[in-house]
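Keep the viewer open as you read.

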Amino acid sequence: MGGYHSLLALGTFGAVLVQACAPVRLSPPQPVRTVADSPGDPWRPERAAVVAQINGARAELGLPPLAYDSTLERVGDLHCRILIDEDGDGHFSRSGVPPYLRYLLAGGHGFHRENVGSYSTTGTVVGSALARILSTSVEDMLAEVPPDDGHRRSLLDPWVTNVGVGLVVRGGEVRMTHELATEVTQSWAPPPSAAAPGTLVSLSGWLAKPWQPEAVEVLWEELPRPLSDARLRAIRAYGYPERRSMFHANRSSTPNSTPAFTVDGFGSFRYRWATGPHEGVEIVLLWARHGEGRQLVPVAVSGTVVVAKTELSPELALWQGLGGSTTRP
């Protein structure tokens, strides 16, 4: 009944592609940054165990541990609650709001990807049974083999830095998400979350060393639309929207024009543009290079909902206000 699907950036630069995954069901089994105590959260130990299990697998490969991010957790929790309310089990609820947009509206700005899983039983999931269900699911994902190893690759991506575990248990229903993000910004001034068509906007900031910003990619898609039950059952993968344009650092798009995307000698970047002429969702993806490496990596994202009245629909406004303090020691 459940399924995990992972979004991966493939190749060294350009379009963000999707890695589709076969459904995986959460089933009972035959010192780094982790989840801090939080009064009122009955599943705090289970979240911490999931993070420790993921970080243990990363350590075996010499990869750095993932820092825990409470904004990612809150985004995952709300999605899990909606899934249980709707008897859903995937990346989308009936509202049609995609995972990356939920995260961006909540105040996130890393390059985001998501795993989702569900478990159902006629009984009640309590205590150690929940821990076994979650542990086995992580084991199953880490045991995947190519080419159907999207879950494993998302958890073991060397460029991922942050994780939040969304988790809701209600009776015999369990929904869990792994919300993952690449977060390397030290300063980030994004455009507004909503703007009218043709509005002049900008984003700026700088990255942690030794990251160097290299380009921005502008993506666009239509406003989210409600999904039918048949469509929800059919969706088994997702990706970022299609590219509208791309701008390289300090390069003019036409002769004698001013570069739209600039980076100074200290690494500070700025991108100025006008939102598109039609209503939709405009995503700006920042690509960067790590040190002397040649590979370009998506490291930050902004999202602007382009609407005539500059007001978000209730389905989109729901995700605002979930931000706040992000990492826990």
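Helices here are DSSP runs of H or I with at least four residues, strands are runs of E with at least two, and both are numbered from the N terminus. This is a predicted model, so to speak of local features we need pLDDT of at least 70, and side-chain atom pairs count only at pLDDT 80 or more, while totals for chains, interfaces and linings use all residues. Residues are numbered from 1 along each chain as its sequence is written, and side-chain values use heavy atoms, with hydrogens and water left out.

Start with the big picture. The protein chain holds 7 helices and 16 strands. Of its 329 residues, 51% count as buried, where buried means under 20% relative accessible area, exposed means over 50%, and partly exposed is what falls in between (1.4 Å probe, protein chains only). The chain exposes about 14,400 Å², and carbon and sulfur atoms supply 54% of that area. Those areas come from the Shrake-Rupley method with a 1.4 Å probe; for residues, only the protein chains shown count as cover.

Now find the sheet. An open sheet is built from 5 strands in the order β8-β15-β14-β10-β11, with mixed pairing. Its edge strands are β8 (194-195) and β11, each of which pairs on one side only. Two strands are said to pair if DSSP finds at least two bridges between them. For β10 and β14, the pairing is antiparallel and runs over 10 bridges. If you want a landmark, look for E221, which stands opposite V281 in β14.

R289 forms a salt bridge with E214, their closest N and O atoms being 2.8 Å apart. That pair ties together distant parts of the chain: R289 sits in strand β14 (residues 280-290) and E214 in strand β10, 75 residues apart. R289 counts as partly exposed, at 23% relative accessibility, and E214 is partly exposed too, with a relative accessible area of 21%.

How many salt bridges does the model have by the rule used here? The count comes to 16, a salt bridge being a side-chain nitrogen of Lys or Arg within 4 Å of a carboxyl oxygen of Asp or Glu. One of them joins R47 and D77, with the closest N and O atoms 2.9 Å apart. Here too distant parts of the chain are linked, since R47 is in helix α1 (residues 44-60) and D77 is in helix α2 (residues 70-86), 30 residues apart. Is R47 buried or exposed? It counts as buried, at 1% relative accessibility, and D77 is likewise buried, at 10%.

Another salt bridge pairs E222 with R225, where the closest N and O atoms are 3.4 Å apart. E222 is partly exposed at 48% relative accessibility, and R225 is exposed, with a relative accessible area of 53%. Elsewhere, salt bridges that share partners join D41, R44, R47, E73 and D77 into one network.

Most residues other than glycine have a negative phi, and most peptide bonds are trans. The peptide bond from P146 to P147 is cis, with omega near 5 degrees, and P147 is in the loop between α4 (127-142) and α5 (150-155).

N250 has a positive phi of about 60 degrees although it is not a glycine, and it lies in the loop between β11 (242-248) and β12 (261-263). N256 is found in the loop between β11 and β12 as well, and its phi is near 70 degrees, again positive in a residue other than glycine. N250 counts as partly exposed, at 43% relative accessibility, whereas N256 counts as exposed, at 83%.

Finish at T161, in the loop between α5 and β5 (162-170). With 21% relative accessibility, T161 counts as partly exposed. Leaving aside residues up to four places away in sequence, T161 touches P65, L66, A67, A181, T182, E183 and V184, contact meaning heavy atoms within 4.5 Å. The C-alpha atoms of T161 and V184 are separated by 7.9 Å, and the two residues are 23 residues apart along the chain.
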